[in-house]
Amino acid sequence: MEGRLKLLMVAALTLLVAVTSHAFPATLTFKDDFNPAKPVVWVEGNGYRNVTVGVRDDLLEGDCEMLLDSLKAVTREASRLLHQVTHGTLYFEEVTILLPSTWACSSVPPGPSTPLTWREGHIIVGPTHPVFKDASWTQQPRGCGQEGDFIYLTEQWLKSYQQHADESSGKELVAQWARYRWGVFGEEGYLGDAVHPPSYLHLNASSLSWNPTLCHNGDLQGDFSGSCEAGDSANCSFSINAEASRNVTSSLMALPNLQSVLEFCDEDTHNAAVPTKHNLMCSGSSIWQVISRHPDLFGREVWVGDVEPTFRVQRAEASTQPSHVDMVLVLQYTSTMAETLNRWKFLRDAVRKFLLVEAPKGTKIGLVMLSDSAVTLAGLTTLTDFASRLSLANKVPQNPTNTSATKNLEAGITEAVNILDGNGLVVLVVENLSNHTSETSENLVAAAGNTSVWAVLYPHLPSVSASLYQDLVDATNGSLLTVVNPYGPMYQSVDDLAALNNQLRTILSASLEPHSVWIKKDEALCLANCFLTLEVDNKISYQSEIILELFFLSFDAAGLKNIEMKAPDGTVLTPSAVDSKYETIRHHFYTQAQVQQTGNYTVMIERLTYVDGVMVSLLVMPRPPVVPVVWASEPLLELHQSNSSVPTLFVQLWQGERYIVKATVTATISFSGANVTLLLRDDGTRGDVTGGDGIYSGMIVGVVGQAEVNILAHDNGGAALLVGSYSSLTLAISDRTLKRSSQVCCGSQIDLSQVEAEPAGSFYMSFSVEATFLDQPVANLPPGRVTDLNMQYSADGLSLHFTASGEDYYSGEAVAYEVTHWTSLSSKPVVEVFSAPPATADSQITLVLSQNECDVLYVFTVCALDSFNTKSEVSNEARFVIPCDYTTNDTQTTASSESPTDVSTTSHTTSGSDSPRNESSTTVSYSSPQTPTSDSSTRETSTLVSTSSSELDSSTAETTIYVSTSTPQISTSVSASMTSQTTTTTQTTSTSTTTDKSSTVSSTPTPQTSTSVPDTSTAKTSTPAISSTTLSTTKTHTIPTTTSTSSTTEASSSSSDNKIAIFLGSVFGGLLFLALAGIAAEYIYRRVSLKSRKRS
């Protein structure tokens, strides 16, 4: 007896280790390789030290004090809450805030810059995100229990905290820290997400009910809305009644904004059946189970002291070349500028266009009017939006009113330098029509001090010396730019206007990156009614919009009757907007998609009257180069592999501060004369955590030693998209209404239809990195988990769809798929095993089901099996209810969702986790016809086998397994040819066999032929069998079916019991037949005897 107890204890411990290592990889590296220079966070005593917050340098300097105050306040609140939710164990002790080196904050004394940039922050503060808008979020490409890349907070999120200070922001920060540091995931549903829907149908007692996809305790009350009545769980949302849910205290990973919530879900409150991302990624473990295993908490004592963090503010190095340059424009405002009609109008329009269109967002510009004295029209004004641009542009006077012809250059420079306070450029825009002898270059240089001065001479006569200005710009590291007037001082042509615009643009080109400045692609001069061509070479990718720019004299504005542009194929292009805010300039805006053809674009201009020509040009802004970012689940030079985890490679593609989705990215790993090629995915399958987030992922199997990782990326035939808002040029028109619907990070997929995105343009690039794999390849790795299981229903029936797994994670091909399903008619899981078709591991698998009962909830999961019968982790659940009034022949697609005929529900109350699988809630009512009864003659014959199963559901003592006698079909989208084969279906009894695969012993089933016995009573309530008819639109492969049993002894015993029952039944039937035959014989004998007696 004692020996048996010891064996049971060893088996239990072995099972515990296996489960633990499967859910939590043995190798956990908490050093962030997304940016190897990132400071290392550690726990000293009970406090986190060296937590670094990086403030991006494209934010507004004027918000410096607000950002600092809000960051400190919300971190203090988060530290207090962190100490509370970790049961007195942890808090934030030391936090470093990195500010842009150019910012001058009054509360931060000047000092040397740290070598770090904002990119090294564990928490990054930046502008509004194109997808998640102003919600906090964490980049998490790794699996359960593994550290993320960074936490992202927006400046608006911090402003909101300052305006509405409450602890919800502190709770949000704690929840994001849990994601980042401890590798847990959200315990909520996501609107429009088929895998993690906001609500799901649940069997409660004998009826179906809607439940919200939330982990919580207490009585959560609220209302369902959206597509609930249509059975669309992905779009059936749940609104919480906060007042009525005050006894709900968990979970922070689901309800951080609910005032009463101050806890994580633990073993007592967790519900592993809820379709949350955390349940899928962490195999049903609770948040607290994952956190408590982390080294930060394991074995640490409770802290009862002060939890107030200390802050250190440092200046970071600039991460890139500046995106803008500060300047003060000093404009000559004398009678000389009014000598000709168009001279001042050209200058005014050029400056207004510079402010409205040319200067990048975030640029600070001041205005000074120069005559015999200097007057400040505007101090440094930050160009943040259209309103700020227009307000500054409107300060440029309509016409000079100063009658003086004298210009005081020294006064103008001094005024500008005082405005800049030593940071930026002084830009002089002055005429050079006569020698300016009243001032010396020495005085001007002294007035400039350390500030750089640029001089634009408009107009400039070549016969007049420009040495005064040349000496000034040379001494101050500026430049001299001229607009030469070839027609003499009394006439201004459109050539002067075009040249002045070009010179102002030159100032930006010299200071900023090329993709921040407009360039002139082509130009031509048109006189009367004319046609001209502008050549476009689209081998270069341009940003989202292109400007057709026209310069003309103010006299000629009324004579412009019609302007039309045609593409090389003759298509007339309609401008997205026309800007006529100037007297001598007109802009027609076209999208990049309209001007994507290479060739000559024809511009037709119809003029009623004219004095001078029209200068037509095409302005474009080049895209930034595509820059790859490569990292891995561990440092690239320290990659490990074990039975429970292998390295994962990550790649992002960036253009400036915007990332690319829907590209094609492959990686070839070369080592020891061998190559392994991976297709890196961004679709939420095959190891990719979140689809559409721009992180391309691939799990690496079978590589050892030093390796070179060669990565190839291209635009996927033009399908690649650049995620982000429109470029700053749209601000020249107005504050265009953008898509403002935010998404909560992060479900299974990013809904790109709700995101500002544009074609990424053409690109094809390759690059390589070095990697080191420290361990030998591991044999008998499990197949990868299916994460996109979904169900669809059409007139052909119900079908399962998912992305195929592999032999070792996602390498090679899985041998079979174990499908587990149960219904609202019976909670006993039914397990069927289907051989996989000989297709590539990337193929889409379709299982077509038949004999489906309507108004019945079907729940399916899938596990992949490899050639050694090693099983993958369980997939996400797919749920579906077939409507009884289904009449259309069109396929209705509902992934991981339900479709009852009529669902009438307006409110919901669900209790806590005392009985997590039997939550109390409002039931679903149906107004549908009676469920049709299938004809028993058409049912597939099946053998009913009853066996215990501990693998499927701990709450279910018995598993019902059906062995179908018809041949199931698996259809796949793989283009490779497949040979059909049909075999007789057999009942499988499991026998123990030993297979050598790196000293691994596993049990494999041995098929034995048996006779199937129909069981009509079971068939009436059985779950759907696999149909022998497949979808006609896909290639099919006929495969045998085996049945997986969890207990060899019980399965054999059950089979023997069936044989005994058959034998006894046969004996009883025979005896009954003999008895009846005897009675019949005696009856006949008596009748014959009676007739004989009557005759006699």
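Which residues of helix α8 are buried? Before I answer, some ground rules. This is a predicted model, in which local features need pLDDT of at least 70 and side-chain atom pairs count only at pLDDT 80 or more, while totals for chains, interfaces and linings use all residues. Residues are numbered from 1 along each chain as its sequence is written, and side-chain values use heavy atoms, with hydrogens and water left out.

Helix α8 covers residues 386-393, and its buried residues are Phe386, Ser388, Arg389, Leu392 and Ala393. They sit on the same side of α8, because they cover an arc of only 165° around the axis. That arc is taken from the directions from the helix axis to the C-beta atoms. Buried means under 20% relative accessible area, exposed over 50%, and partly exposed in between, with a 1.4 Å probe and protein chains only. Helices (H or I, at least four residues) and strands (E, at least two) are DSSP runs, numbered from the N terminus.

What do the buried residues of α8 pack against? They pack against α7 (341-358), β16 (364-370) and β17 (374-382), where contact means heavy atoms within 4.5 Å.

Next, the backbone. The bond from Ser250 to Ser251 is a cis peptide, with omega near 15°. Ser251 is in the loop between β13 (236-240) and α5 (277-281). Tyr458 and Pro459 are also joined by a cis peptide bond, with omega about -15°, and Pro459 is in strand β19, residues 452-460.

Last, positive phi. Tyr809 is not a glycine, yet its phi is about 55°. Tyr809 lies in the loop between β41 (797-803) and β42 (816-823) and is buried, at 9% relative accessible area.
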